[in-house]
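Hi,

Here is the structure I said I would pass on. Have a look at it first, and my notes on what turned up follow below.

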Amino acid sequence: SWLQPMAQAVAAYGHPCWFTYAHEMNGNWYPWGNGGQEGVTPAQWTASWQHVVTVMNAIAGDLITWVWAPNNVDVGSAADYYPGDAYLQVAGFDAYLQDQSATYGSFMAQTVGEIKSLTGKPIWLAETGIEPAGAGRAARITSFVSDLKQAGVEGLMWFNQGTDALTAAEISTLATAVNAWNAG
């Protein structure tokens, strides 16, 4: 099994690490997902998550911060996949604004509401980006980060590849927006 060697590597490293496992499980594009190739049920997925966390924490102790990360609920509710507060430190989610008219409020607010109904753990946007590139994206970045902060989301991780890759100017805009988030 990969679990013990992975946990041993974290323990040997000796510094905090953030992990997620079998993310976007409420979507159907991964074998472990809802309706995926393996036919994994929410109960099976949850039991698997709990097993992985239990085994790795037994070896690596408190060096691992577990980030639960379903996809945005536009693909299906994440509630049936919630493994319980004892099995994570951060309730994350993955979502991208892929339409010019999409905003936090119109696309992600429902997901944050569902997560808040499940737990009081910190909520992070574990994987995100804004498409399309081009005119207007910098302004959308500023509004998006501000909206996340106002919604009580505590952090975000930008997927800076492919069509979500930012220009140098957009990186500066994102940095300014995050600095404003941190100052507030």
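Starting with the rings: the count comes to 10 aromatic pairs. Bear in mind throughout that this is a predicted model. One of the pairs is Trp68 with Tyr82, an edge-to-face arrangement with 4.9 Å centre to centre and 90° between the planes. Trp68 sits in strand S2 (residues 64–68) and Tyr82 in the loop between S2 and S3, so this pair ties together parts that are 14 residues apart in sequence.

Leaving aside neighbours within four places in sequence, its contacts include Phe19, Tyr21 and Trp49, and among the others are Val52, Val53, Met56, Tyr87, Leu88 and Val90. Asn57 and Gln89 are on that contact list as well.

Nonpolar side chains tend to be buried together in soluble globular proteins. Here the largest nonpolar core has 46 residues, and Trp66, Trp68 and Phe144 are those with the most contacts inside it. Helix H2 (residues 42–60) gives the largest share of this core, with 6 residues.

Now the strands and the helices between them. Strand S3 (residues 90–94) pairs with strand S4 (residues 123–128) in the parallel sense over 4 bridges, and Asp94 stands opposite Glu127 in S4. Together with helix H3 (residues 104–118), S3 and S4 make a right-handed β-α-β unit. S4 also pairs with strand S5 (residues 155–158), again in the parallel sense, over 3 bridges; there Trp124 stands opposite Gly155 in S5. From S4 the chain crosses through helix H4 (residues 137–150) to S5, and this β-α-β crossover is right-handed.

Last, a closer look at H3. The helix has 15 residues and reaches 20 Å from its first C-alpha to its last, close to the 21 Å expected at 1.5 Å a residue. Which of its residues are buried? They are Tyr104, Met108, Thr111, Val112, Glu114 and Ile115. An α-helix has 3.6 residues a turn, so residues three or four places apart point the same way. What do the buried residues of H3 pack against? Their partners are S2, S3, S4 and H4.

Cheers

Notes:
Residues numbered from 1 in each chain as written. Predicted model: local features only at pLDDT ≥ 70, side-chain atom pairs only at ≥ 80, totals over all residues. Heavy atoms only, no water. Pairing = 2+ DSSP bridges. Helix = DSSP H or I, 4+ residues; strand = E, 2+ residues; numbered from the N terminus. Right-handed = clockwise from strand over helix to strand, strands pointing away. Phe/Tyr/Trp six-rings, centres within 6.5 Å; stacked < 30°, edge-to-face > 60°. Core = buried A, V, L, I, M, F, W, Y, C linked by side-chain atoms within 4.5 Å. Buried < 20%, exposed > 50% of the residue type's maximum accessible area, 1.4 Å probe, protein only. Contact = heavy atoms within 4.5 Å. Expected span 1.5 Å × (residues − 1).
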